[in-house]
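Subject: Structure for your review

Dear colleague,

A short account of the findings follows it.

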Amino acid sequence: MSDEQVYEPKVVAFLCKWCSSAGSDLAGVSRIQYPANATPIQVMCTGGVSPMYVLSALRKGADGVLVSGCHPGDCHYIEGNYLARRKLHLVKELLEFVGIEPNRFRMSWVSAAEGGKFAQVVRDFVEDLRPLGPQDKVKADRS
Amino acid sequence: MINLKDIRDTARDMLTKGEVRAVIGWQQGSRGMAAEPVVITAPEQADSLVWNPTCYHNLSLYLVNDKKAQAHSKQKPTLPIAIIAKGCDARSTVVLMQENYFRRDEVYIIGVSCEGTGVVDEHKLAVALQGAQPTAAAFEGEDYVLTLADGSEKRLSAREVMADRCLECREPFPKENNLVLGEDKTGRSLEAPFAALARFEQKSEAERWDFWKHQFERCIRCFACRSVCPMCFCDECVVDSIEMKVVPATTAQEKADRVRWIERSATTADNFGYHMTRAMHLAGRCIDCGECERVCPVNIPLRLLNNKMEREARERFGYEPGASIGASSLVASFRDDDPNAFIR
């Protein structure tokens, strides 16, 4: 293993069907280059992202969890992203409280027209995760 | 100073007049000085009720159990049930009503004000008494008077041996009540609210993780915290799925399809999942009765997690759990000016 080799973090991305999924699609069809570390999981709305999705992803070995949805006011279900914002703010605070690195969890607003922004969000997230290395604090021991 | 006679008379009166079908209160337990919860249904049982520093149980749990028993027997009682409630018990009863677990007219709240003496912390008491076994405890002004096994009496300042949650209590007076005994001493705060939390947050990230890793390693998943919590009323807990019946005909596919977000094994990772999930489920609902921390057999400071959520709700969202029956819950409501800066 050379010293040059960098750690490639695994990112689980919960993307809402109406905005961020379409945004990631746009990034794809626009041929925008961004790291392939994120595994997208489409959810109907960020409002439906249970805190347990985040915790479970970390437990199964994700290095970072990204939740992305429509901008405030643009939710397909009118208020789903507002509810997500409140709920996931609490999750973020709680994770930091027990000593998980704040950069392991991130939220973003990406609309269907923001392919470039989606690519940038993933790029930034991966850049921030690389120096943290593998997440083994709460990863389940499967040995 | 609350007169025990008043509590007994009230309970006896209500049962005699047939205003309530039962009264939930405390009686002398069988373990040393400790009181234990009791449900009395006959007027003559009223004399067994007690009120002393060991009445630390959150009795609203028994309102939940009562409601569950009703659902099980498919019978709807016509009379309300009475509960003797401290400040914290009254707040958790409010949260339960806020969530429509029962209606206001199904419960008769006999409030007892803690009057700044709170309830005892048995760990602190054991240290203060250096191992001597008390057989009885009583309130006396700002002090507790303990009767020891050898018959001698010991007087301790309540402040010294009071539970941490009582030291930090902001509302020792049961605001929601049908009737209240004792004086309103709200505003008294022996220690700053969230003081333990603020002290803990001084630590660095690495120190915090070391601390919680140690706690999560020790958790044995006995679920005592869940059993004692009046807010943990789900029939099947999402972190402990036990309802699926595995019979010889159950296929491997069916077993595999069962969703288990958090495993039941008591490992650091799964305990982390359990305690985080529980803290999230209690966000905006936990009223800091501190019972989870008291019953924990391995002394995990669970109040820290719940306090963190409570303070977050208070400071960021202006939400006070257990303040109003009509308010919408913390995570089912939002405001336009909720924090947004953490989102890219």
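The lining of the largest cavity comprises nine nonpolar, three polar and five charged residues. Please note that this is a predicted model. About 130 Å³ of space lies in that largest cavity, and among its 17 lining residues B:Cys229, B:Cys286, B:Cys289, B:Gly290 and B:Cys292 lie nearest the centre. Helices H11, H12 and H13 of chain B each give two or more residues to this lining.

In total, the structure holds four cavities of 30 Å³ or more. The second largest cavity contains about 80 Å³ of space. It is lined by 13 residues, and those closest to its centre are B:Cys219, B:Cys222, B:Cys225, B:Cys296 and B:Pro297. By class, 11 of the lining residues are nonpolar, one is polar and one is charged.

The largest pocket holds about 500 Å³ of space. Its lining has 24 residues, with B:Asp121, B:His123, B:Asp164, B:Glu293 and B:Arg294 the closest to its centre. The lining divides into nine nonpolar, four polar and 11 charged residues.

Turning to contacts between the chains, the axes of helix H3 (residues 80-97) of chain A and helix H11 (residues 268-282) of chain B come within 11 Å and cross at roughly 135 degrees. H3(A) is therefore oblique to H11(B). Their crossing is right-handed. H3(A) contributes A:Lys87, A:Leu90, A:Val91, A:Leu94 and A:Leu95 to the contact, while H11(B) contributes B:Phe272, B:Met276, B:Ala279 and B:Met280. Eight of these contact residues are nonpolar, none is polar and one is charged.

Yours sincerely

Definitions and conventions. Residues numbered from 1 in each chain as written. Chains lettered and ligands numbered in written order. Predicted model: local features only at pLDDT ≥ 70, side-chain atom pairs only at ≥ 80, totals over all residues. Heavy atoms only, no water. Axes fitted to C-alpha atoms, helices over the stretch in contact; angles between N-to-C directions. Helix = DSSP H or I, 4+ residues; strand = E, 2+ residues; numbered from the N terminus. Parallel < 35°, antiparallel > 145°, perpendicular 65-115°, else oblique. Left-handed = near helix turned anticlockwise from the far one by under 90°. Contact = heavy atoms within 4.5 Å. Nonpolar A, V, L, I, M, F, W, Y, C, P; charged D, E, K, R; others polar. 1 Å grid on protein atoms, 1.4 Å probe; cavity = no way out; pocket = protein on both sides within 12 Å on 5 of 7 lines; lining within 4 Å. Points joined across faces, edges and corners; volume = space filled by probe spheres on them.
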